[in-house]
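Visitor: I would like a close look at one chain of this model. Please take me through how the chain is built and what touches it.

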Amino acid sequence: MADRAVTGPGLRADVRVAGRLDAHVEAAAGEVVAVIGPNGAGKTTLLHALAGLVPMDGTVEVAGASWTQPARLVRDRNVGFVFQDQALFPHLSALDNVAFGLRTRAVARPDAEATARGWLARFGVEDLASRRPRELSGGQAQRVAIARALAPEPALLLLDEPFGGLDVGVATTLRVELARHLASYDGIALLVTHDALDALTLADRVLVLDEGRVAQTGTPHDVAARPRTDHVARLVGLNVIREGDVFRSFSPSAVTVSLGQPEGSARHRWRGRVLSAAPHGDAVRLLVAAEPELIADVTPAATTELGLVPGREVWLSVKETAVRTYARSPDRPLPSAP
Amino acid sequence: MSPRAGSATLGRPPLVLVVPGALAAALLVVPLVSLVLDTPWGSFVDQLRTPAVRDALWLTALASAITVVACLVLGTPLAWLLARVDFPGRTLVRAAVAVPLVLPPVVAGVALVTALGRNGLLGSLLRETTGLTIPYTTTAVVIAHTFVSMPFYVLSVEGALRSSGERYDVVAATLGADRWTTFRRVTLPLALPGVLAGAALAWARSLGEFGATITFAGNYPGTTQTMPSLIYQVLQSDPEVARTLSMILLVASVGILAGLRNRWLTAP
C-alpha cells in the first residue's frame with residue numbers, strides 16, 4: 001500500500017512536525033481517506049501541516065504541484081478546511097460565508113453569490129442563506145461549513161471531525177449527505193474521525209495514526225478485520241493480541257466467560273478482573289483487566305447468574321477457530337490473507 | 001445569575017461600610033449636581049452666541065473630530081500590528097503606547113514641545129526645510145489631542161482584536177484570503193465594538209484635553225483656545241460663561257458614557 005505509485009492528480013506527502021508527527025500519506029484523486037487514531041496521535045496536526053497552518057519538514061505534492069518547494073502560504077494552497085466547531089464567520093450570513101472563498105479568488109459578487117446559493121441548495125439549506133451562524137443549529141452550521149469549504153473547488157479537502165459535537169441523529173443524517181457529496185468530489189479528501197462508522201461508510205481508505213506515525217493503511221474492511229493497534233481494535237469492537245510477528249484478533253462475542261478455569265479445547269485463556277459492565281445491544285459488554293485488557297459480550301442472564309460486577313475475578317477463553325491471525329508488520333505477507 | 005442574598009437573609013449592611021460608601025458617592029455626585037443647579041439657564045443660549053464661546057466650541061469640535069479620524073486611520077493599523085504581528089520590540093512598543101494614559105498632561109505638552117517645538121528635534125528640522133512651525137497653531141492642538149487620546153483607542157482596539165482571535169484569520173486564509181482582505185472583511189468587522197468604544201473614549205479624552213494643549217499650543221482665541229482653555233481663562237472674570245461651557249462638556253461626557261453603557265454601566 002505504502003509504495004503504490006500515485007498517478008495523476010493525487011496527493012503524496014511526507015509530513016514531519018518535530019516531536020508530533022512523521023507520516024507518509026498518499027491518495028489518488030477522488031479518494032476519501034479516513035484518518036483515525038487515539039487523541040494525540042497527530043491527526044489534527046497532519047491536517048494542519050497539509051494546509052500549511054503549522055510549520056513542517058518534508059514534502060507535500062498535490063495534483064502534480066509541490067506545496068513545499070517552494071513553500072506555499074496557506075492562502076495559495078487551494079485547500080478546503082472543515083473545522084470541528086464549524087468556525088463560520090459570525091458576522092456574515094450563511095450565503096456570504098459560502099461565497100467568501102469565491103470572492104477571495106476574484107469571482108465577481110453576483111457570480112460568487114449564485115454559486116454559493118447553489119452549494120447551499122445542494123446541502124438542503126438554501127432557505128437559510130440570509131441567516132447568521134448564531135441562528136443556525138449545529139447540523140445546519142456544519143452543512144454551511146462543508147459547503148463553504150467545497151465551494152472554491154479545492155484540490156484537497158480536509159475535514160477535522162466534522163460530526164464531532166453534533167447530536168447522534170444529526171451526525172447520522174449528515175454522514176449520509178457527506179458520503180453523497182464526497183462521491184461526486186474529484187479532489188482528495190482527508191477525514192479525521194473518532195468514529196469507526198465514519199471510516200467504514202465514508203472512506204475508500206483508512207490511515208491509522210499512532211504516536212505520530214502511520215500504524216496501518218488499507219481499505220476500511222481490511223483495517224476493521226485486521227486491526228494493528230489497540231485503538232482501532234477498540235473502535236471496531238475487536239480484541240487484538242500480539243504474539244511475536246503476528247496479531248490475533250477475535251470478536252468479543254466469541255469470548256466465553258467463566259468463574260472457574262475453563263476445561264476443554266479452548267486454547268486461549270486469561271484470568272482477570274472485571275473493570276466495567278455496560279449494555280451493548282442485546283448483550284452486556286465486559287471490560288476485563290486481563291493481560292492484555294479484553295472485551296467480552298455475555299447475555300444479561302449470564303451476567304446475573306455469574307455475578308459479573310466490576311471487581312469480580314473471571315476466566316476468559318476463546319476457541320482457536322474464532323481467532324483470526326495476520327502479520328504484525330504491514331510490509332510482510334499476510335499468512336492468513338485471503 | 002443566582003438569586004442575590006439580601007438583608008433579609010444576611011442582615012443589615014454594616015455602618016462601617018455604608019458610611020464611607022455614601023460619602024464617596026456624595027463626593028462624586030454633589031459637585032455635578034451643583035454645576036447643574038448653578039448653570040445660568042436663563043442666559044444659556046445667549047452665552048453660546050458670544051464669539052469667544054463660539055470659537056472655542058468650534059475649535060473643540062473640530063479638534064476632537066480630527067483626533068478621532070487620526071485614531072481610526074493611524075491607531076487601527078497600530079492596534080492590528082500589536083495584536084497580530086510578532087515583531088521585535090513589540091512589548092516595548094505596547095508599553096510606550098500606554099505611557100500617555102498615565103502621563104501628566106502637562107508633561108505630555110513639554111514632550112511635544114521638545115519634539116516639535118521651534119527648536120525641537122523634529123520641529124527645527126521642519127522649520128529649516130519648509131519654514132513651518134507647529135506650536136501655537138490649530139495643528140498643534142490636534143497633535144496634542146491625538147497624542148493623549150490615541151492610547152485609549154489603540155488599547156481598546158487591540159483588546160478587541162485579541163479577543164476576536166486569530167482563529168478567523170486562519171479560516172480566511174484557508175479560503176484563499178490575503179491578509180489585507182482578511183483584515184477588511186473579517187478582522188475589522190469582528191472588532192467593530194472595540195473600534196466604536198475606542199473612538200468614543202478617544203473623543204471624550206479629546207473634548208476635555210487641557211494640560212498638553214495649553215502647554216504645546218497655548219491659549220489663543222480662534223486658533224488654539226478650546227473649551228477647557230476658555231473655561232480656565234474666564235473662571236475668575238466671568239464665572240457664568242465658565243459654568244455654561246462646563247455644562248456643555250458635562251452633557252457631552254454623559255452622552256458618551258450613555259453610549260458606552262453596555263461596557264461600563266451594567267454590572268457583570
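Guide: Start with the inventory. Chain A holds nine helices and 18 strands. Keep in mind that the model is predicted. Along the principal axes, the C-alpha atoms of chain A fill a box of roughly 75 × 45 × 35 Å. The chain has 338 residues, and 44% of them count as buried. Now look at contacts in chain A with a separation of 6 or more. Residues 24 or more positions apart make up 61% of these.

Next, the domains. Chain A is divided into domain 1, residues 11-231, and domain 2, residues 238-327. Taken over C-alpha atoms, the centres of domain 1 and domain 2 of chain A are 38 Å apart. Four residues from domain 1 of chain A and five residues from domain 2 of chain A form the contact between them. What classes of residue does domain 1 bring to that contact? The side of domain 1 of chain A that touches domain 2 has three charged residues, one nonpolar residue and no polar ones.

Now find an open sheet in chain A. This sheet has five strands, in the order S13-S17-S14-S15-S16. The pairing is antiparallel. At the edges sit strand S13 (256-258) and strand S16 (294-298) of chain A, and each pairs on one side only. From one strand to the next, the twist averages 45°.

Zoom in on one pair of strands. Strand S14 of chain A covers residues 268-280, and strand S15 of chain A covers residues 283-289. Seven bridges join S14 and S15 in the antiparallel sense. You can pick out one facing pair by eye: Val274(A) stands opposite Val288(A) in S15(A).

Then turn to the neighbour, chain B. The contact between the chains takes 14 residues from chain A and 14 residues from chain B. Which elements of chain A give two or more residues to the side that touches chain B? They are strand S6 (79-82) and helix H2 (94-103) of chain A. By class, the side of chain A that touches chain B has nine nonpolar, three polar and two charged residues.

An unreviewed UniProt entry places the feature "domain: ABC transmembrane type-1" at residues 57-258 of chain B. Over residues 57-258, chain B is 80% helix and 0% strand. The end C-alpha atoms of that stretch of chain B are 22 Å apart.

Technical notes. Residues are numbered from 1 along each chain as its sequence is written. Chains are lettered from A and ligands numbered from 1 in the order in which they are written. This is a predicted model: local features need pLDDT of at least 70, side-chain atom pairs count only at pLDDT 80 or more; totals for chains, interfaces and linings use all residues. Two residues are in contact if their C-beta atoms, placed from the backbone, lie within 7 Å. Helices (H or I, at least four residues) and strands (E, at least two) are DSSP runs, numbered from the N terminus. Ala, Val, Leu, Ile, Met, Phe, Trp, Tyr, Cys and Pro count as nonpolar, Asp, Glu, Lys and Arg as charged, and the others, Gly among them, as polar. Two strands pair if DSSP finds at least two bridges between them. Axes are lines fitted to C-alpha atoms, for helices over the stretch in contact, and angles run from 0 to 180 degrees between N-to-C directions. Domain bounds come from an automatic or database domain assignment. UniProt positions are given in the numbering used here, feature names are shortened, and annotations may be inferred rather than shown by experiment. A residue is buried if 20 or more other C-beta atoms lie within 10 Å of its own, exposed if 12 or fewer, and partly exposed in between; C-beta atoms are placed from the backbone.
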